[in-house]
Amino acid sequence: MEFLHLNDMTPGRTATVTELKTQGSMRRRLLDIGLVPGTPVECVGQSPGGDPKAYLIRGAAIAIRQEDAESVILRAGVDE
């Protein structure tokens, strides 16, 4: 089973959230946008400089900066 950080994803790749390794207001924000364990995530694009990247989370495209995405742990692939 391959694990990765959200910021390691490339456009077109999908994965499933397993854990958030952040605290405080950033943790609350990530939970509020739907990044809870078991949620499928797809990287749908990135800015020309590479940061931020856009992710499809629960039907919404959300841009997340690299420094914030480092705290989201994923398992490669999506649960069926």
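Modeller: For 80 residues, a compact globule would have a radius of gyration near 12 Å; the chain comes out at 11 Å, which agrees. That radius is taken over C-alpha atoms, and the globule rule is 2.2 Å times the number of residues to the power 0.38. This is a predicted model, in which local features need pLDDT of at least 70 and side-chain atom pairs count only at pLDDT 80 or more, while totals for chains, interfaces and linings use all residues. Residues are numbered from 1 along each chain as its sequence is written, and side-chain values use heavy atoms, with hydrogens and water left out.

The C-alpha atoms fill a box of roughly 30 × 30 × 20 Å along the principal axes. The chain holds 2 helices and 6 strands, in the order β-β-α-β-β-β-α-β from the N terminus. Both kinds of element are DSSP runs numbered from the N terminus: helices are H or I with at least four residues, strands are E with at least two. Of the 80 residues, 36% are buried, where buried means under 20% relative accessible area, exposed over 50%, and partly exposed in between (1.4 Å probe, protein chains only).

Now the core itself. The largest nonpolar core has 18 residues, and those with the most contacts inside it are Leu-6, Met-9, Leu-35, Tyr-55 and Ile-64. Strands S2 (14-20), S3 (40-46), S4 (53-57), S5 (60-64) and S6 (72-76), together with helix H1 (24-32), each supply at least two of its residues. S2 gives the most, with 3 residues. By definition, such a core is a set of buried Ala, Val, Leu, Ile, Met, Phe, Trp, Tyr and Cys residues joined through side-chain atoms within 4.5 Å.

Contact in what follows means heavy atoms within 4.5 Å. Tyr-55 touches, among others, Leu-6, Met-9, Val-41, Cys-43, Val-44, Ile-62 and Ile-64, leaving out residues up to four places away in sequence. Glu-42 and Asn-7 are also among the neighbours of Tyr-55. Asn-7 belongs to the loop between strand S1 (3-5) and S2, and is buried at a relative accessible area of 14%. Beyond four places in sequence, Asn-7 touches Lys-53, Tyr-55, Gln-66, Ala-69 and Glu-70. Across the chain, 63% of contacts between residues at least 6 apart in sequence join residues at least 24 apart.

S2 also has strand partners. It pairs with S3 in the antiparallel sense over 3 bridges, and with S6 in the antiparallel sense over 5 bridges; two strands pair if DSSP finds at least two bridges between them. Ala-15 has Val-41 as its bridge partner in S3, and Thr-16 has Arg-75 in S6. Pro-40 lies in S3 and is partly exposed at 43%. Pro-40 touches Ala-15, Thr-16, Leu-56 and Val-78, again not counting residues up to four places away.

A search of the whole structure finds 4 salt bridges, each a side-chain nitrogen of Lys or Arg within 4 Å of a carboxyl oxygen of Asp or Glu. One of them joins Glu-2 to Arg-13, with the closest N and O atoms 3.0 Å apart. Glu-2 is in the segment before S1 and Arg-13 in the loop between S1 and S2, so this pair ties together parts that are 11 residues apart in sequence. Arg-28 and Asp-32 form another, at 3.1 Å; both lie in helix H1, 4 residues apart, about one turn of the helix. Arg-28 is partly exposed at 49%, whereas Asp-32 counts as exposed at 55%. Asp-68 and Arg-65 also form a salt bridge, at 2.9 Å. Asp-68 is buried at 9%, whereas Arg-65 is partly exposed at 44%.
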